[in-house]
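Open the model in your viewer and keep the selection panel at hand. The tour moves from one selection to the next.

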Amino acid sequence: MPSARLHEFAGGMRDTAPMLVGAAPFGVIFGTLAATGDLALWQGQLLSLSVYAGASQFIALGLFAGGAGFAVIWATTLIVNLRHVLYAANLLPRIAPLSAPWRWLLGFLLTDETFAVMTAYYARHPVTPLGHWYYLGSGVAMYLNWQAWTFLGLAFCASFPALHSWGLDFAMVATFIAIVVPQLVNLPRVAAAVIAAAAALLLRGLPYQLGLLSAIAVGVPVGLILLRRRRAIAEPGR
Amino acid sequence: MTYTVAILGMAVVTFIAKASVFILGDRIRFSPLVRDALDFVPVTVLTAIAVPLMLAPGGGDLQFTWRNPQLVAGIAAILIAAVTRKQLLTITLGLAIFFAWRFGVIG
């Protein structure tokens, strides 16, 4: 039933539309930043085409500029993307029956946005023989959207070379602030962020951006300890 | 060339993080400790990158002065984000303040 598949595919695309708008400015900022750094323009697009994970792409630009080594870049990429493991575990009951090529493809297309869309979809549809086409529609829409806005950012910056001296990397700082500050809703998270910031500042002279990994290595345990202590107080005997 | 290798390696690592559960299925299990730890990854990673860029732009010495536009606009963006919780507003206003400070106030 090709028309039923197409219907699901189009539905996935349609329900992802708000996410497309939300991702657009980040794509443009990423493309612009990539073009102002040391990367060739095609390497900026290659990041979006092959990595396809916004946060780690931004972080990579910062690490490239700081002269980070491969090990730090790849380790940071892994840490930043580990949340997808939890998303995938959450979606697995619907994905497990699919053929191997489908599971590889839908894994590649997994993002924060598509996870959000799929969670809502599966909640509405307990039985979904064609749900993977809906997922594909959402994933393809997000993927093409990300490529297009990256390209626009790259092209924009390439046609205005004066942008290089403007200090545009502040766009990344502002983006990170906009993501992090609303997440600082409890003491463990605030403490983890403050400790990580202090460590990153003190250790910023370390080679290969090792200060970043060190900051994560102290920030995360501090948050964990405070979280567990709070739980122990809230639920004694656990 | 070096950058290309770094990028393709990132692609492999990201694919493993995204697709391994789909590919391997129930053979992967997570402890509650790992789940809790992952909750702190975004706030630590992004903060550890942003704060040195604000306080020591260019990777040199600390610039704890009102003449540092990254610091002034960064503090403004933190306040805007805390009050409004709107991402796009924080970014656009933060950038506007950054450019106004850099090209207007400091000159």
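Start by selecting Asp112(A) and Arg83(A): their side chains meet in a salt bridge, 2.8 Å from N to O. A salt bridge here is a side-chain nitrogen of Lys or Arg within 4 Å of a carboxyl oxygen of Asp or Glu. The pair links distant parts of the chain, 29 residues apart. Asp112(A) sits in helix H8 (residues 112-124) and Arg83(A) in helix H6 (residues 83-95), both of chain A. Over all chains, the rule gives six salt bridges.

A word on what you are looking at. This is a predicted model, in which local features need pLDDT of at least 70 and side-chain atom pairs count only at pLDDT 80 or more, while totals for chains, interfaces and linings use all residues. Residues are numbered from 1 along each chain as its sequence is written, chains are lettered from A and ligands numbered from 1 in the order in which they are written, and side-chain values use heavy atoms, with hydrogens and water left out.

Now select chain A whole. Chain A has 12 helices and zero strands. Helices (H or I, at least four residues) and strands (E, at least two) are DSSP runs, numbered from the N terminus. The C-alpha trace of chain A spans about 65 × 60 × 30 Å along its principal axes.

Which residue forms a salt bridge with Asp39(B)? Select Arg189(A): its closest N and Asp39(B)'s closest O are 2.8 Å apart.

Color the helices of chain B.

Finish on H1(B) with helix H7 (residues 100-108) of chain A. Their axes come within 8 Å and cross at roughly 145°. Axes are lines fitted to C-alpha atoms, for helices over the stretch in contact, and angles run from 0 to 180 degrees between N-to-C directions. Select Arg103(A), Trp104(A), Leu106(A), Gly107(A) and Phe108(A) in H7(A). They meet Phe15(B), Lys18(B), Ala19(B), Phe22(B) and Ile23(B) in H1(B).

Note on methods. Contact means heavy atoms within 4.5 Å.
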